[in-house]
Amino acid sequence: MNTKNDSAAPTTSNREFHLVCSSGGSRAILASAGVLLACDQAGIRQFKSIGGVSGGSVPTALYASGLSADQCVRQALEIDFASLLTRRASLFKILMAYFMQRRNEKVRPIDGVLTSEKLGEFMESFSSEWPKSYWTMGIADKSEIIFNEAGVFEIEPDGVLRVLKNEPGPLGVAVRGSCAVPGVISAVPYDGRHLFDGALGTEGRCPISVPTRLYGAKRQNIIVCDVGDDVNQTSERIARIWKFVCGPECVPEIAEPDFFSNGRVILIRPKITGFRSLQFKLTSDLKWSAVMAGYVAAIPELAAGNAIGGEALGVARDITNAYKKIFDESKAKPQGYLTTETEKLLSAHGLL
């Protein structure tokens with residue numbers, strides 16, 4: 001697994017790092033891959049635990065399955081996200097499902113306009129066994145269902161942790177369940193219940209209590225990639241419409257993860273523009289911009305958390321500055337310029 005060997009190393013060599021990647025659809029998949037690339041440059045290539053929910057569950061599973069950071073980036077860039085989902089409704093119904101997304105998070109219809117069997121097959125093609133140190137989570141009824149290499153666990157609404165199984169569940173089912181956005185992607189049957197989007201749990205899009213509770217993580221050793229909620233003026237208007245039509249109970253409140261009490265985590269917040277979380281047809285330039293948003297946001301936070309230093313930090317800052325110039329120049333250049341120049345930059349520094 002992840003056999004790169006160079007002089008880069010965490011500034012505190014005996015720390016056990018944990019990586020948590022948030023929900024956020026294609027934005028989370030791409031930015032999380034960029035964060036993995038930054039961690040790799042810092043010398044962090046083994047995690048005591050690694051996982052996430054919804055979109056964040058995908059690159060973390062690939063990395064835990066044995067892909068290197070640059071291979072995870074390549075997969076994120078090369079995957080046709082839309083090809084991993086099967087359409088089962090008309091385009092009009094698909095548009096309505098996106099329009100009703102906030103309402104559906106509350107009522108949680110089992111059937112969506114897309115199904116995710118191909119996503120499950122894709123994930124299991126990388127690992128026939130549950131990946132070491134990997135976890136993800138889906139929601140069933142009001143409980144959080146956590147999957148890891150030790151088994152399957154349920155956290156009930158009162159916070160009680162219960163063991164459901166003493167052996168790992170199926171990887172494809174777990175990732176599919178964590179990605180099952182109500183009304184958009186169909187819920188996934190598991191053990192007599194249906195799994196929904198892991199971001200619907202009590203901590204919202206970024207459940208950092210999983211590594212602390214199940215793996216004994218210290219908060220200062222938890223690296224978090226949080227792409228934020230996919231909220232803009234249009235989605236806010238839609239939420240207001242649904243509240244007017246069927247009342248405030250129709251639209252759920254979005255839980256803001258607690259990153260700061262009881263000790264600050266290493267919090268990475270990529271700034272991604274140009275596309276939405278559930279937008280799956282993306283140009284290579286848009287994909288690269290999201291990957292590099294993860295990388296660029298990660299470097300200063302890893303430095304502040306004493307997780308990167310010395311020569312590795314100097315090189316990372318050089319790459320960051322050079323990429324920002326490429327990004328600015330790309331606005332006046334033809335399509336594909338950002339992709340070509342970014343790949344040249346990373347290849348020159350041995351990151352691709």
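The largest nonpolar core in this predicted model has 92 residues. Phe47, Ile223, Tyr295, Leu302 and Ile308 have the most contacts inside this core. Helix α10, residues 284-304, gives the most to the core, with 12 residues. A second, separate core has 20 residues, including Ile139, Ile155, Val210 and Val224.

Setting aside neighbours within four places in sequence, Tyr295 is in contact with Gly34, Val35, Leu37, Ala38 and Gln41, among others. Further along the chain, the contacts of Tyr295 include Ala316, Ile319, Thr320 and Leu351.

**The chain as a whole**

The chain has 352 residues, and buried residues make up 57% of them. Its secondary structure comes to 12 helices and 12 strands. Among contacts with a separation of 6 or more, 73% are between residues 24 or more positions apart.

Strand β11 covers residues 222-225, and both of its faces are covered. Ile222 and Val224 lie on one side. Ile223 and Cys225 lie on the other. The four residues are all buried. The general rule behind such a pattern is that side chains in a regular strand alternate between the two faces of the sheet.

Two of the strands that pair with β11 can be named. Strand β1, residues 18-21, runs parallel to β11 and is joined to it by four bridges. Here His18 stands opposite Ile222. Strand β12, residues 266-268, also pairs with β11 in the parallel sense, over three bridges. On that side Cys225 stands opposite Ile268.

Ile223 is among the residues with the most contacts inside the largest core, while Val224 belongs to the second, separate core.

**Aromatic residues**

The whole structure holds six aromatic pairs. Two of them are set out here.

| Pair | Geometry | Centre to centre | Angle between planes |
|---|---|---|---|
| Phe147 and Tyr190 | edge-to-face | 5.2 Å | 65° |
| Tyr323 and Phe327 | tilted | 6.2 Å | 40° |

The Phe147 and Tyr190 pair links distant parts of the chain, 43 residues apart. Phe147 sits in strand β6, residues 143-148, and Tyr190 in strand β9, residues 188-190. Phe147 counts as buried because its relative accessibility is 0%. Tyr190 is buried too, with a relative accessible area of 11%.

What separates Tyr323 from Phe327? They are four residues apart in helix α11, residues 310-330, so about one helical turn lies between them. Tyr323 is buried, with a relative accessible area of 5%. Phe327 is partly exposed, at 29%.

Lysines also meet rings. The charged end of Lys287 sits over the ring of Phe81, 4.6 Å from its centre. The charged end of Lys333 sits over the ring of Tyr337, 5.5 Å from its centre.

**Thr115**

Thr115 lies in strand β4, residues 114-115. Is Thr115 buried or exposed? Its relative accessible area is 12%, which is under the 20% cut-off, so Thr115 counts as buried. The side chains of Thr115 and Glu117 are joined by a polar contact of 2.8 Å. Not counting residues up to four places away in sequence, Thr115 touches Leu84, Leu85, Thr86, Arg88 and Ser186.

Which residues other than glycine deserve a backbone check? Ser54 has a phi near 55°, a positive value in a residue other than glycine. Asn306 has a positive phi of about 55°, although it is not a glycine.

Ser54 lies in the loop between β2 (49-52) and α2 (57-64). Asn306 is found in the loop between α10 and α11. Their accessibility sets them apart. Ser54 counts as buried because its relative accessibility is 6%. Asn306 is partly exposed, with a relative accessible area of 46%.

Note on methods:
Residues are numbered from 1 along each chain as its sequence is written. This is a predicted model: local features need pLDDT of at least 70, side-chain atom pairs count only at pLDDT 80 or more; totals for chains, interfaces and linings use all residues. Side-chain values use heavy atoms; hydrogens and water are left out. A nonpolar core is a set of buried Ala, Val, Leu, Ile, Met, Phe, Trp, Tyr and Cys residues joined through side-chain atoms within 4.5 Å. Buried means under 20% relative accessible area, exposed over 50%, partly exposed in between (1.4 Å probe, protein chains only). Contact means heavy atoms within 4.5 Å. A polar contact is a pair of N or O atoms within 3.5 Å; within protein, one must be able to donate a hydrogen and the other to accept it, and residues adjacent in sequence count only if both atoms are side-chain atoms. Rings of Phe, Tyr and Trp (its six-membered ring) pair if their centres lie within 6.5 Å; planes under 30 degrees apart count as stacked, over 60 as edge-to-face and the rest as tilted. A charge sits over a ring if NZ of Lys or CZ of Arg is within 6 Å of the ring centre and within 35 degrees of the ring normal. Two strands pair if DSSP finds at least two bridges between them.
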